[in-house]
Amino acid sequence: MEYSIRFAEKKDTDAIMKFIDTYWRKNHILSRDKQLFEWQYGDEEDKLNIIIGVDSDNNIQGMLGFVKYGLSQNQDIALALWKANPATGFLGVKILKYLMENLSYRGIVCPGINFKTTSKIYELVGMKVSTMVQWYRLADKDEYLIAKVLDNKIPKINNYEKKFKLKEVGSIDELREIFNFDAGELQLQIPFKSEWYIEKRYFKHPIYRYRIYALVGNEQKATSIIVLRVQDCNDSHALRWIDYIGDHENISYITNELDELMDELDCEYIDVYEAGIKDDILSDAGWLRVEENGNIIPDYFSPFEHRKVDIHYSTSNGEAVLFKGDGDQDRPN
C-alpha cells in the first residue's frame, strides 16, 4: 500500500490523539489531554509540529512529533513520539527521512529513544546514539522515602568558592533583565534554547510548575540559568534538575546553594540526567553517579517505580548537551 506523508494540521488533532491511544499506549496522556497536546505540538496558525503518514482513506498510520527550540530557519529540534502501525512496514523510517529532508534545522536531538528497537535506525541515518548519565546529591536525612539509599555519602566540596547566588525569577520579562539570551556563546551550543523556547517550555507549561533560577554574580547579571522542579512522592519531596542554559563551568560554584535549597524545600535529594557535561565538573562539585554505589534514584513517578531508569538518546551532533527537560522526557503521564 502507498502512504502519503505530510506535515500535520490542527484539524488532524483528534485523529492523531486517537492514533496515539491505539498504537502508542492506551490512555496515554497525549491521547486524552488536548491542552497538553496542543501546548507540546501546536505551531503558528493551523500547523502542528508533527509529520504524519496516511493511507488512501486518509487514516493516520504513522507519526513523528518534534519540538522546536526556536523560530529561526536555523533552529535546533528535538524529536518526540515516533510511531507507526507495525503493519505498514517501513513507514516510520520514511516519515523520519521526510522530516530530515523537508524541515529546516541545524541539529536534531532525541532523548528517550528505545535502544532495542530504534537505535540502529538512527545510526543508519547518521546520528549518534548514547546514554544520558544520572547524577545525584543527597540531603542529610535520617530517612529517605523516595530514594533507596544504601550509601548515604554526601561528598564535601573542597576549595569551594562562592561566585554566584541563585535568584529565582518568576517571568520571562524578569529573566530578560538580567540574562542575555542572544549571547554568542549560547548560540553555539546545540541545542540553542531561545528566549521563545524557555518562555514556552518552562514559564508556560500547562501542568508543571518549574522553578527557574539565574546564577547571579556581583554585577547582578546572570550568565547561566538552572531549571528545577519539586517532585512529591511517598509523603516526601525530591528536587529534580531539569535543564541548564549557560556556562557549564559555573555548575562548580552552586552546590552549596543547591544544598540550601534542598533544605528550604524539604527535599531528600537532587538528581540530574545529562549528556555532554564533562564528568569532572559534576564530580568536583560533589555529585555522584547513580550506578557507582547501588543507590536507586527513581525517574518514574506516575506511576512510581522504585528502580533505576536509563535514558538513551540520539543526536545529529556529537557535541550536543542534553538534560531531562529536552524533548518530551519531563512531562506528566
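Trainee: Which strands does helix α3 lie across?
Mentor: Helix α3 (residues 34-41) lies across β2, β3 and β4. It runs at about 95° to β2. Before we go on, this is a predicted model: local features need pLDDT of at least 70, side-chain atom pairs count only at pLDDT 80 or more, and totals for chains, interfaces and linings use all residues. Residues are numbered from 1 along each chain as its sequence is written, and side-chain values use heavy atoms, with hydrogens and water left out.

Trainee: What counts as a helix or a strand here?
Mentor: Both are DSSP runs, numbered from the N terminus: helices are H or I with at least four residues, strands are E with at least two. For angles, axes are lines fitted to C-alpha atoms, for helices over the stretch in contact (heavy atoms within 4.5 Å). Angles run from 0 to 180 degrees between N-to-C directions.

Trainee: And what does helix α1 lie across?
Mentor: Helix α1 (residues 13-24) lies across β1, β2, β3 and β4. Its angle to β3 is about 105°.

Trainee: What order do the strands of the sheet come in?
Mentor: The order is β1-β2-β3-β4-β5-β14-β6. That is seven strands in an open sheet, with mixed pairing. Two strands pair if DSSP finds at least two bridges between them.

Trainee: Which strands stand at the edges?
Mentor: β1 (4-9) and β6 (128-131) do. Each has a single partner strand, so one side of each is left without a neighbour in the sheet. The twist averages 25° from one strand to the next.

Trainee: How many bridges join β6 to β14?
Mentor: Four, and the two strands run antiparallel.

Trainee: New topic. How many aromatic pairs are there?
Mentor: The structure holds 16. Rings of Phe, Tyr and Trp (its six-membered ring) pair if their centres lie within 6.5 Å; planes under 30 degrees apart are stacked, over 60 edge-to-face, the rest tilted. Phe 164 and Tyr 253 are tilted, at 6.2 Å centre to centre and 55° between the planes.

Trainee: Why does that pair tie together parts that are 89 residues apart in sequence?
Mentor: Because Phe 164 lies in the loop between β7 and β8, and Tyr 253 in the loop between β11 and α9.

Trainee: Is Phe 164 buried or exposed?
Mentor: Buried, at 12% relative accessibility. Tyr 253 is partly exposed, at 22%. Buried means under 20% relative accessible area, exposed over 50%, partly exposed in between (1.4 Å probe, protein chains only).
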